[in-house]
Amino acid sequence: LHRAASATRSNATTLRLALPQNPSLYIRHSTGFAPKPKVTSQATRRPQGRGRRANPSRHSDRPHRGLRYMLPTKRADGAEDSGDAAAKKARVGESSAEAGSEAMVAGEPVGGGSNGNGVAEIDEDLHSRQLAVYGRETMRLLFASNVLVSGLNGLGAETAKNLALAGVKSVTLHDVENVDMWDLSGNFFLSEDDIGKNRAAACVEKLQELNNAVLVSALTEGLTTEHLSKFQAVVFTNLSLDKAVEFNDYCRSHQPPIPFIKTEVCGLFGSVFCDFGPEFTVLDVDGEDPHTGIIASISNDNPAMVSCVDDERLEFQDGDLVVFSEVSGMTELNDGKPRKIVDARPFSFCIEEDTRNFGIYAKGGIVTQVKEPMILEFKSLRECIKEPGNFLLSDFSKYQRPPLLHFAFLALDNFRQKFGRFPVAGCDQDARKFVEFTASINEAAIDYKMDELDEKLLQHFASGSRAVLNPMAAMFGGIVGQELVKACSGKFHPQYQFFYFDSLESLPTYALDPKDLKPLNSRYDAQISVFGSKLQKKMRDSNIFVVGSGALGCEFLKNFALMGVSCGRKGKLTITDDDVIEKSNLSRQFLFRDWNIGQAKSTVAATAASAINSCLHIDALQNRACPETEHVFNDAFWEGLDAVINALDNVNARMYMDMRCLYFQKPLLESGTLGPKCNTQMVIPHLTENYGASRDPPEKQAPMCTVHSFPHNIDHCLTWARSEFEGLLEKTPNEVNSFMSNPAEYAAAMRKAGDAQARELLERVRECLDKERCDKFEDCIAWARLKFEDYFSNRVKQLTFTFPEDAATSTGAPFWSAPKRFPRPVQFSAVDSSHIQFILSASILRAVSFGIPIPDWAKNTGNLADIVSKVAVPEFEPKSGVKIETDEKATNLSSASVDDAAVIEDLLTKLEACAKKLPSGFQMKPIQFEKDDDTNFHMDLIAGLANMRARNYGIQVVDKLKAKFIAGRIIPAIATTTAMATGLVCLELYKVLAGDHPVEDYRNTFANLALPMFSMAEPVPPKEMKHQDMRWTVWDRWSIKGNITVAELLKWLSDKGLTAYSVSCGTSLLYNTMFPRHKDRLKRKMVDVAQEVAKVDVPAYRKHFDVVVACEDDDGNDIDIPLISIYFR
């Protein structure tokens, strides 16, 4: 960004961010601004999101929000779930047949039913991650949409795949051309057996496999406007400009207008044009939840100032509309009227309202952003060809590139119309002719005429124009797929209107020989026409390590199979993942099918990738990449790698892979997604900083006392609910089993601990086995009813008794001031369905944990209500002197007592008495929370717990799906973002395998498809350390060969002008000048000292061990030197 700004200052072309009206990046030429889109909206919206370095402390009180809030955090994780794979496999295995049979049935709506309006019901198990992005209403609109995809080259195939995974009603594939060898470079649906068949017809069956709830059909005749009238959106990937103008005019005039997209991939160049009609309503511009704030004060002024509690920065901006609720005193603001924000600050803002005659603010209040629809007026393709308007930018270093590419794509259409073919790769004559066409178009332009054309770029464009490269197709398939979702649903801001992109820097740094670009009658001919056969051979012989086989991993394997990566005799692709396939994976991990549920991800993905390209040499493992598996991924394995591809879902695993790549000096290609957002990061030895060199600030955690006693939002309630679920149904049963398995050992452990936590554990175990013990299902119902009373009535009564509504703090301030909310007890009612549902789920899960059979009548709410009404509920009397934690810094709610040891002894005695009453071999069944099975009552109980607690505190309740997202910590994920991210990474892989690229050629990317917004920049170089004439970075590792002594190591460093004062290995100190006894080690071999002191066990396959040495220079300044490897074998 800094480089782009510097270049802008010295250039007539001006770059600007046009955020308020339209979340896109625009260009202004020296002749003036191109027309902006006409936007109609009562509220001018600026898109929101989180920045890569979103650290509030680094910004002023009035920060410009711009890019920082539009982007995902650097640590945006893949959407795959982490966890205990073995436990998951066992769990999935129990119901794999059932899950598989109900996943997707041919010809039936998703979920096996319809809502009566012809729209398929939403299978929440299958689409949970997508629902977290789109919501139910958007999904319903998608399920009712029919889409046409015309042109089944690689780009068409990628677009169709993303639509099928999204779950539209139908996808019609149109193509009049037949499959040839060239197509196998880009279309993963096709194989050698399909050559000669119609491209659309050949893709139908395999596309249908992705989602049998989507109706897939082929159209193999010429298109007419009559065909177009049947669709809610249409996209063309290989259409002449004349025909495109004709179809676009028809789509605009149709009632309602049909959103039209024209897109192309030509080698390393791509374009997208969107026209969603004269007036298109965007229902949700950015997909972010409405921002909220908890009010601390409101002034009687004009304009009125609103101050909020300072526990979290506000996300409001000038021009936002907000509504007020729950305001005491100044009740006039609770009228639901939207009010505009002015002068937004981190913890306060003003509203355009005169409150001088309003009541005086007393307390409380919530302010909530109002998100209003936006209307966009698109221009036709006919108009935009001559006046393209604003170009969406992706790379600030190429801000002059889009108009040139606009002319290039027009010139390509002219070339094809005149000669009936694409320019031939490496043909100088065709390239010159193409440049002439481009120059002619430029001369005819008036407002957009360029002073100079980049002929070298145009020659590259012409040479590779026929090729639909897989990485480009994957990237643009993701972008176009997302635009189609927007067209069908109004969810997110559409692209307005042209987007051009190139990755010319992916070409090898050496000059390409035209002979090297000639086709070889192989499936890689399209790729060879761009990069040459020399790089193709390198790719085929490459040794690649892919870590993770979820959504990202599936896309990578498909891309590699099409690109020919590791498809030669010397090549090898190793993929590892210890996870198994679940139903929720099927909506985006497209190499998996419903019959694969319960199987190992890596094995299934490898088999599917080999079906795309049988030459792929792939080895599928089920090992987690971690210190415990370094005997599998040993030194020899790492030393033979050409590149490592991360397809991971958590930061810890990423950090470990970064550490290993740093140690072995291997390129690491990193990526992650979060809903419509994604990021890619290139970690290149000696050229870029490593992944761990920068970190996002930690996520803010709610204080424990807030979660347990003073919640003020639904997240707090759900955090508490999950904690209670795990305590009641997993941790306590585990403790019971530990005690019952070996009472003496368990008692000894508790006596040794002797603290408040041990005391509380014993109290829970005793309660579970004594007064809360269940022998029959009716006991479980009674237990559930008493838990309801305890949680939602008794505890609240005790809390409000200890801290009455008029209580004050030690400073005299009201205790129940924002953000605290004063709670009210909930009175149980057998006619309240939510109360009965809580009893139902709690009693069933209690029965499962005690191994009690669940009777047939248990799920009959009428019977349940009758039994519950007969449960005797004791009267509750609040007690004085009860301590309730209010310190936000407290990390434990257990309060220590001087008599803990005595109480523990008493509890153990009582436990032994309880155990004698239990049957021999008694064990409970701990229940591990599983969010993705809607039949197990786990989420029913957690949602019930959270919503009842929300009622206590006057917090808005949520449905089970929303509760599932929050309590299950579900990472939002969609196939389009994943496809785009992997396409971008594979464009970088060309550079890595070709070698010799400078850091300026590499690109890190942040993108948000919702806005849409793309930000590409070269990676940051590593920090360089200096000493005398030596230079090194974090990538360097010093090596010493020979079985040296400690003294020889010190001498080796001394020769470099460094005085070593401390040598360590692992966590052990091998030598330090402070300890006189260490002088005895100077003459000993380093390996002997390491084995004796640090207990180093160097495996037979390893020839060295590593030490960390602390040094100083002659002036006594500490010098941070690289790790030292001693090759003693």
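**A salt bridge and its surroundings**

Guide: Arg-401 and Asp-502 form a salt bridge, in which the closest N and O atoms are 2.9 Å apart. Arg-401 belongs to helix α10, which covers residues 401–419, while Asp-502 belongs to strand β20, which covers residues 498–502, so the pair ties together parts of the chain that are 101 residues apart in sequence. The model is a predicted one, and that should be kept in mind throughout what follows. Asp-502 has a relative accessibility of 5%, and because buried means under 20%, this residue counts as buried.

Strand β20 is one of eight strands in an open sheet, whose order is β7-β6-β5-β8-β9-β10-β20-β19 and whose pairing is mixed. At the edges of this sheet stand β7 (215–219) and β19 (391–392), and each has a single partner strand, so one side of each is left without a neighbour in the sheet. Helix α10, the helix of Arg-401, packs on this sheet, where it touches β9 (260–266), β10 (269–275), β19 and β20, and the direction of α10 makes about 95 degrees with that of β20. Elsewhere in the sheet, strand β5 (residues 146–150) and strand β6 (residues 170–174) run parallel and are joined by five bridges. Ser-150 stands opposite His-174 in β6.

Thr-976 has its place in helix α30, and its relative accessible area of 4% makes it buried. Beyond its neighbours within four places in sequence, Thr-976 is in contact with Tyr-134, Asn-162, Gly-478, Gly-481, Gln-482 and Leu-1009.

If its neighbours within four places in sequence are set aside, Leu-993 is in contact with Leu-535, Lys-538, Met-539, Ser-542, Ile-544 and Asp-642. The C-alpha atoms of Leu-993 and Gln-536 are separated by 9.6 Å, although these two residues are 457 residues apart along the chain.

In soluble globular proteins, nonpolar side chains tend to be buried together. Returning to Leu-989, and leaving aside its neighbours within four places in sequence, we find this residue in contact with Phe-560, Met-563, Val-565, Ala-643, Ile-645 and Leu-669.

The salt bridge where we began can now be set beside others, for the structure holds 68 salt bridges. In one of them the side chains of Arg-136 and Asp-959 meet, at 2.7 Å from N to O. Arg-136 lies in helix α4 (residues 136–143), and Asp-959 lies in the loop between α28 (938–953) and α29 (960–967), so this pair ties together parts that are 823 residues apart in sequence. Arg-136 is partly exposed, with a relative accessible area of 27%, and Asp-959 counts as partly exposed too, at 38% relative accessibility.

In another, the side chains of Lys-371 and Asp-286 meet at 2.6 Å, N to O. This pair links distant parts of the chain, 85 residues apart, with Lys-371 in the loop between β17 (366–370) and β18 (374–377) and Asp-286 in the loop between β11 (280–282) and β12 (292–298). Lys-371 counts as partly exposed at 24% relative accessibility, whereas Asp-286 is buried, with a relative accessible area of 4%.

Notes:
Residues are numbered from 1 along each chain as its sequence is written. This is a predicted model: local features need pLDDT of at least 70, side-chain atom pairs count only at pLDDT 80 or more; totals for chains, interfaces and linings use all residues. Side-chain values use heavy atoms; hydrogens and water are left out. Contact means heavy atoms within 4.5 Å. Helices (H or I, at least four residues) and strands (E, at least two) are DSSP runs, numbered from the N terminus. Buried means under 20% relative accessible area, exposed over 50%, partly exposed in between (1.4 Å probe, protein chains only). A salt bridge is a side-chain nitrogen of Lys or Arg within 4 Å of a carboxyl oxygen of Asp or Glu. Two strands pair if DSSP finds at least two bridges between them. Axes are lines fitted to C-alpha atoms, for helices over the stretch in contact, and angles run from 0 to 180 degrees between N-to-C directions.
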